[in-house]
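Thanks for making time this morning. I would like to walk through a few side-chain pairings and then turn to one surface feature, so please have the viewer open.

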Amino acid sequence: MTMDETIKRINELYHKSQAEGLTDGEKEEQKELRQKYIDSIKGNLQGQLEHLSIQRPDGTIEKVKKKK
């Protein structure tokens, strides 16, 4: 399932929950899809940060490091 399909399904389940409620199976599917979406966003952000560099006022450039 692509991310666009995942988002579309999350929205469908949301609208159904507002209109008539969800079955237990649909609630579980909604929870899993939301977690998949969150994990994807976190992964994308981490990937961007790994390739980020900062130029200091003295002209030196250093890569962003993970905070301990």
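Predicted model: local features only at pLDDT ≥ 70, side-chain atom pairs only at ≥ 80, totals over all residues.

Glu26 counts as buried, at 15% relative accessibility, whereas Lys16 is partly exposed at 26%.

Staying with helix H2, which spans residues 24-50, we also find Gln30 there. Gln30 is buried, with a relative accessible area of 10%, and, if we set aside its neighbours within four places in sequence, Gln30 is in contact with Leu13, Tyr14 and Leu22.

The count of salt bridges comes to four. One of them joins Arg9 and Glu12 at 3.2 Å, N to O, and because these two are three residues apart in helix H1, they are separated by about one helical turn. Arg9 is partly exposed at 23% relative accessibility, as is Glu12 at 37%.

Arg56 and Glu62 also meet in a salt bridge, at 3.2 Å from N to O. Through salt bridges with shared partners, Arg9, Glu12 and Glu29 are joined into one network.

Finally, the surface: Leu45, Leu49, Leu52, Ile54 and Val64 make up a nonpolar patch, with about 380 Å² of accessible area together. Of these, Ile54 sits in strand E1, residues 53-55, and is partly exposed at 37% relative accessibility.

Terms used. Residues numbered from 1 in each chain as written. Heavy atoms only, no water. Helix = DSSP H or I, 4+ residues; strand = E, 2+ residues; numbered from the N terminus. Buried < 20%, exposed > 50% of the residue type's maximum accessible area, 1.4 Å probe, protein only. Contact = heavy atoms within 4.5 Å. Patch = residues over 30% accessible without salt bridge, like charges linked within 9 Å, V, L, I, M, F, W, Y side chains within 5 Å. Areas by Shrake-Rupley, 256 points an atom, 1.4 Å probe, with all protein chains shown as cover. Salt bridge = Lys/Arg side-chain N within 4 Å of Asp/Glu carboxyl O.
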